[in-house]
Structure formats: C-alpha cells, structure tokens
Amino acid sequence: MLLSRLLALSLLLVALTDLASATQDGNRADAASATRWEQLLNWLPEDTETIIVAQGPLQVPKRDAGEFSFGESAPLLPAGPLVSLENGLLRNALPWQNVVCAVEGSRRFVSPGGLGLMPYQGCHIIEFDAACDGAVQKAFQTCQTKAEKQVQLGDAEVAVFTKKHDNDVWSYFVCRPKPGVLICATDRAYLEATLKRIGRKSEKRALPADLPEWKHVDLKARVWAVRHYRKESAQNDPSSPLRSKAPANVPDPAAVGFVFWYSPGADKVARARYISGAKDAVNLAAQGWNYPSEGLSPQITQVAPGVVEIVTSISEERTGRMYALVLLMHLGHGIYL
C-alpha cells in the first residue's frame, strides 16, 4: 500500500491549508449554490473520472499558512493549486472575496516520477459572487504579469506557469473565461475541452446522472465528491482498484465507484461509500481505510447490496490528517513521501 509510505500531507494539503473556509454555521449549502455545481459540471469533459464540489458561501481569507483542521480545509478541496500557485498569489490578491461554488474535475491519474503528488489531468474552477469580479479581474491580471508565458485558447487568455515538484514538471494554466470565474488546469487539452463546453449544452456530461454513485452521495453537503472508475486509464493509475496490485490500491476488478461527503459542524463526522460487486467488499474497504496506529479506525459496514459505508469521526487532529491522506488517494490524488 502507498499509505505505508505516507507520513504527512504534502503538496495538495499544503495548498488546501493556505485557505481556511469561512463557512456559515450549519451543515447545508445554500439553495443558490446547489444549482451552480450542475452548471459547472456540464463544462467538464465527458471522460472526467473524479469531481469534487464545495458549495458556498465560502470566503478567501488572507491569513498565513498554518495548522488548520480537516474541517477548515475540506471545503476548499476542489481549489487545488489555485490557492498555492506562486506562493499564494491568488490568495493574497483575493482576500475575503465570496465564493459561490468550487468544482474540480480530474482524470488519468498516474504515478509521480519520484516522490510527491500523483500527476493528473484536470481543472479547478472557482466561481465568485458577481460583485467580486473587479477583484477577480485584477487577480488574473497579476497572474498574467507573473506568468512565464501566455497563450490564447479560443476566446480565453491563459497564463501559463511551469513548476518542478520533485522529479515531475507540472504546468498550470490559469484563465478567467467568464466574469467572476477563475480556472486553473493541470493539462492544456483538458482545459481546451472545458473552455469549448462553457456556455453550450452538451449532449453528454461528465459523470452522467444515471451512474449508481449519485444515489449514494449527499448533494446538499457542504463538500462532496464522486469518482467513477474508468477502465481505459486504470492500468496507469496506481490509485484505481481496477488495476492489478499497485502501491496505492487494493485490487478489486468489481469496483464501480467511490463517493464522499462532509459538512463542517458539531458532529465532525465524514462519510464515504465504496461501490463494488465484490463479495468481500467490506474487507476490501477495510484494507484501504483501517490504520489504527495512525489514529484512523472508521466504522465500515455494508448498507446495501454492493455498497459499503465508511463513517469516520475526525474530531482529533491526528485522525483528520490521516483521513485526508486516505481520502485524497481514493479520489486519485495519492501522495508519495
């Protein structure tokens, strides 16, 4: 297992903890943003494997990086590199701006060249309140000034950054395709496909509504995620259970998908479900989630045929850190340390 090699959060969680969510009290997203994720989902390419959604109201506070809890970091999971790029350039340019919705779409997860985050193709989309567009536009102009180069993709001006992380060279493509919207992509082709789909209704969307995963995730939660395993990219993906034994998975050829949801609140309970046709699905899920020596011992039960629920109390900081590592791996964002 990859997790035997993981000692602490790196890269992605560093990015996440640069933002602390200023969510309003309560465990549900507001009604307005509940429809926004569907519109943003329509922008993503059809072969997207993972989506992560955070529903507002959220804010981008200007504060120093520090030790934040899982509850503070979780709502900004889909923001990804947008908040850590260029030493927090966007975070520093957009303090206290209201976020309506944030969505990540990603696919084709692969092993890193050495240590660090698994490379992937994806887009991180943050939609701000319309009144914030002046600040968003200035922030993007700052990106253009700092970028190594700029390219034009359709009608969108794109600022391009290239960064070396351990043995991998990452490219980040930042654009403002619409007022109040910032996108950071890790792959040019994925971004091009996304930009072409903005503003038009496509016949097929990413993660179609008839997938079984949609029946098992709470879409009203503050933050939630859906992953539908794709066979065509599994053999290069160490986090996919559809691949034969790899450092980051528990092999399961009958695996279908994975969902997660969480609303920061008093109970501090995160929920996930593993969907599989395997007879021993409960045992397979336990292999991927039970790490008592690291403070992670969730309740794992079969709640329906082919559906295993993982319920975790993350009131302790140690549990929250290990939970984040395991969750990210299940979503395709494993970290090698």
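**Close-up views of loops, a helix, rings and a cavity**

**View 1. Asp166 is found in the loop between β6 and β7.** This is a predicted model, in which local features need pLDDT of at least 70 and side-chain atom pairs count only at pLDDT 80 or more, while totals for chains, interfaces and linings use all residues. Residues are numbered from 1 along each chain as its sequence is written, and side-chain values use heavy atoms, with hydrogens and water left out. The protein has nine helices and 14 strands (DSSP runs numbered from the N terminus, helices being H or I with at least four residues and strands E with at least two). Asp166 has a positive phi of about 55° although it is not a glycine, and with a relative accessible area of 43% it is partly exposed (buried means under 20% relative accessible area, exposed over 50%, and partly exposed in between, with a 1.4 Å probe and protein chains only). Most residues other than glycine have a negative phi, and most peptide bonds are trans.

**View 2. Arg108, in the loop between β2 and β3 (116–117), is another residue with a positive phi although it is not glycine.** The phi of Arg108 is near 50°, and at 39% relative accessibility this residue counts as partly exposed.

**View 3. A cis peptide bond leads from Gly56 to Pro57.** The omega of this bond is near 10°, and Pro57 itself lies in strand β1, which covers residues 50–60.

**View 4. Helix α6, residues 188–197, has its buried residues on one face.** Those buried residues are Tyr190, Leu191, Thr194, Leu195 and Arg197. Seen down the axis of α6, they fall within an arc of 160°, so they line one face of the helix (the arc is that of the directions from the helix axis to the C-beta atoms). What covers them includes the strands β2 (97–107), β4 (121–128), β5 (149–153), β6 (156–165), β7 (168–175) and β8 (181–185). Just after the helix, Gly199 takes a positive phi of about 80°.

**View 5. Gly122 is found in strand β4 and is in contact with residues that include Tyr190.** With a relative accessible area of 0%, Gly122 is buried. Leaving aside its neighbours within four places in sequence, Gly122 is in contact (heavy atoms within 4.5 Å) with Gly105, Ser106, Cys184, Ala185, Thr186, Asp187 and Tyr190. The C-alpha atoms of Gly122 and Ile51 are separated by 9.5 Å, although these two residues are 71 residues apart along the chain. Across the protein, 69% of the contacts between residues at least 6 apart in sequence join residues at least 24 apart.

**View 6. Aromatic pairs, of which a search of the whole structure finds eleven, tie together separate parts of the chain in the two examples here.** Rings of Phe, Tyr and Trp (its six-membered ring) pair if their centres lie within 6.5 Å, and planes under 30 degrees apart count as stacked, over 60 as edge-to-face and the rest as tilted. Tyr120 and Trp170 form an edge-to-face pair, 5.8 Å centre to centre with 70° between the planes. Tyr120 lies in the loop between β3 and β4 and Trp170 in strand β7, so this pair ties together parts that are 50 residues apart in sequence. Tyr120 counts as buried at 6% relative accessibility, and Trp170 counts as buried at 6% as well. Trp214 and Trp224 form an edge-to-face pair, with 5.8 Å centre to centre and 75° between the planes. Trp214 lies in the loop between α6 and β9 (223–228) and Trp224 in strand β9, so the pair ties together parts that are ten residues apart in sequence. Both Trp214 and Trp224 are buried.

**View 7. Ring pairs link six named residues into a cluster.** The members are Phe70, Phe258, Phe260, Tyr262, Trp289 and Tyr323.

**View 8. The largest cavity holds about 140 Å³ of space.** A search of the whole structure finds three cavities of 30 Å³ or more. A cavity is a set of points, on a 1 Å grid over the protein atoms alone, where a 1.4 Å probe fits but cannot get out, and lining residues have an atom within 4 Å of a point; points are joined across faces, edges and corners, and the volume is the space filled by probe spheres set on them. The largest cavity is lined by 13 residues, of which Pro241, Val250, Tyr274, Leu284 and His330 lie nearest its centre. Helices α8 (281–289) and α9 (317–330) each supply at least two residues of this lining, and the largest share, four residues, comes from α8. In the protein as a whole, buried residues make up 58% of the 337 residues.

Definitions and conventions: On a 1 Å grid over the protein atoms alone, a cavity is a set of points where a 1.4 Å probe fits but cannot get out, and a pocket is an open set with protein on both sides within 12 Å along at least five of seven lines; lining residues have an atom within 4 Å of a point.
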